[in-house]
Amino acid sequence: MGIFCSAPVWLFWHTRPQQDRLLIIAAVQVIAVLGQSIAPVFGAIFSALFDWRFTFFLLSFIWGSLAFYCWRYMLESCPNLPEQVGPSQDTLKGLRKILAPGIICLLLTNGCVNAPFSIFNSNIPYVAEVSYGLTPVITSILLLSWGFVDTLGVVFLRWLSTFNLPVLQVARIFMGMVAIAGIISMVLGIYAEYLWAYLVACSLQSFLLVAALVALSIVYNQPLEDCAGLASSVEILFKHGA
């Protein structure tokens with residue numbers, strides 16, 4: 001999965017017009033989030049109805065089927081890319097561009113925004129079951145609703161982009177909103193014994209974090225168009241490294 005993650009960004013960046021990039025990056029991010037949110041629901045149901053091993057057997061069958069489909073039916077989607085965006089680009093030259101101070105700052109910001117998203121995603125099951133006594137099925141439904149709220153944040157980002165604001169300004173707006181949401185979440189911590197306070201804080205954070213990640217990703221990739229594949233790989237490293 002880690003090897004594959006950078007391929008869609010490189011492909012979309014060179015085969016789609018510039019005005020579609022925000023929508024495409026947002027769609028890729030939302031699909032990833034929804035997958036992480038929907039999967040626990042089915043995992044909990046399968047574990048309750050069958051056995052914990054059933055999920056692994058099912059995943060093995062699905063991945064095997066997908067691998068066969070890709071090998072047998074998938075066709076080249078862009079066989080005639082211009083030479084200037086092909087593999088002849090100097091990797092070291094791309095790395096020098098990526099290691100510029102401004103780009104490194106964007107990467108660190110991206111990682112810091114992705115970190116609380118991952119923390120929420122991993123903490124919700126533990127907090128819901130241990131602190132509030134919810135069942136695994138109810139907990140997985142909470143994760144699903146959290147993914148839905150993430151999607152609403154990206155829809156809001158898409159609506160904001162219709163005002164033709166520069167993407168850097170959009171990223172600044174969302175980073176400011178993330179900071180405000182963090183302060184509100186700290187205040188809600190006073191009522192941590194109540195489930196509603198925890199859910200409101202999580203929903204507020206999830207509404208903004210994914211949209212901020214999308215905006216930051218576009219700002220990061222714009223000056224690195226000639227080395228989009230390498231840039232995407234480094235971005236993934238910083239995101240998940242955080």
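Where is the place of Asn164? Asn164 sits in the loop between helix 6 and helix 7, and that is a handy spot from which to start a tour. Asn164 is not a glycine, yet it has a positive phi of about 60°. With a relative accessible area of 69%, Asn164 is exposed; here buried means under 20% relative accessible area, exposed means over 50%, and partly exposed is in between, with a 1.4 Å probe and protein chains only.

A word on the ground rules. This is a predicted model, in which local features need pLDDT of at least 70 and side-chain atom pairs count only at pLDDT 80 or more, while totals for chains, interfaces and linings use all residues. Residues are numbered from 1 along each chain as its sequence is written, and side-chain values use heavy atoms, leaving out hydrogens and water.

Now step back to the whole protein. It has nine helices and zero strands, so named because helices (H or I, at least four residues) and strands (E, at least two) are DSSP runs, numbered from the N terminus. Read from the N terminus on, the elements run α-α-α-α-α-α-α-α-α. Of the 242 residues, 36% count as buried. The protein exposes about 14300 Å², of which carbon and sulfur atoms supply 72%; these accessible areas come from the Shrake-Rupley method with a 1.4 Å probe, and for residues only the protein chains shown count as cover. Among contacts (heavy atoms within 4.5 Å) with a separation of 6 or more, 76% link residues 24 or more positions apart.

Next, look inside. The largest nonpolar core has 41 residues, and those with the most contacts inside it are Ile98, Phe174, Tyr220 and Leu224. Such a core is a set of buried Ala, Val, Leu, Ile, Met, Phe, Trp, Tyr and Cys residues joined through side-chain atoms within 4.5 Å. The elements that give two or more residues to this core are helix 2 (21-49), helix 5 (101-131), helix 6 (136-161), helix 7 (167-188), helix 8 (195-221) and helix 9 (228-241). Helix 8 provides the largest share of the core, 14 residues. As for Leu224, it touches Lys97, Ile98, Ile103 and Ala231, not counting residues up to four places away in sequence.

Of its 27 residues, 20 are buried, so helix 8 is largely enclosed by the rest of the structure. At 1.5 Å a residue, helix 8 should span 39 Å, and its end C-alpha atoms are 39 Å apart, which agrees; the expected span is 1.5 Å times one less than the number of residues. Ser206 has its place in helix 8 and is buried, with a relative accessible area of 0%. Leaving aside neighbours within four places in sequence, Ser206 is in contact with Trp146, Val149 and Asp150.

Met175 is found in helix 7 and is partly exposed, with a relative accessible area of 26%. Its contacts, leaving aside neighbours within four places in sequence, are Thr109, Val113, Ala212 and Leu216. Met175 and Ala215 are 40 residues apart in sequence and 9.4 Å apart in space, C-alpha to C-alpha. Ser185 also lies in helix 7 and, at 15% relative accessibility, counts as buried. Ser185 touches Ala201 and Gln205, not counting residues up to four places away in sequence.

The aromatic residues come next. The structure holds 11 aromatic pairs. Rings of Phe, Tyr and Trp (its six-membered ring) pair if their centres lie within 6.5 Å; planes under 30 degrees apart count as stacked, over 60 as edge-to-face and the rest as tilted. The rings of Phe46 and Phe50 have their centres 6.3 Å apart and their planes at 50°, so this pair is tilted. Phe50 counts as exposed, at 51% relative accessibility. Elsewhere, Phe156, Trp159, Phe163, Phe174 and Phe207 form one aromatic cluster.

Finally, the cysteines. A search of the whole structure finds zero disulfides, a disulfide being a pair of cysteine sulfur atoms within 2.5 Å. The sulfur of Cys105 is 9.4 Å from the closest cysteine sulfur, in Cys112, too far for a bond. Cys202, at 4% relative accessibility, counts as buried.
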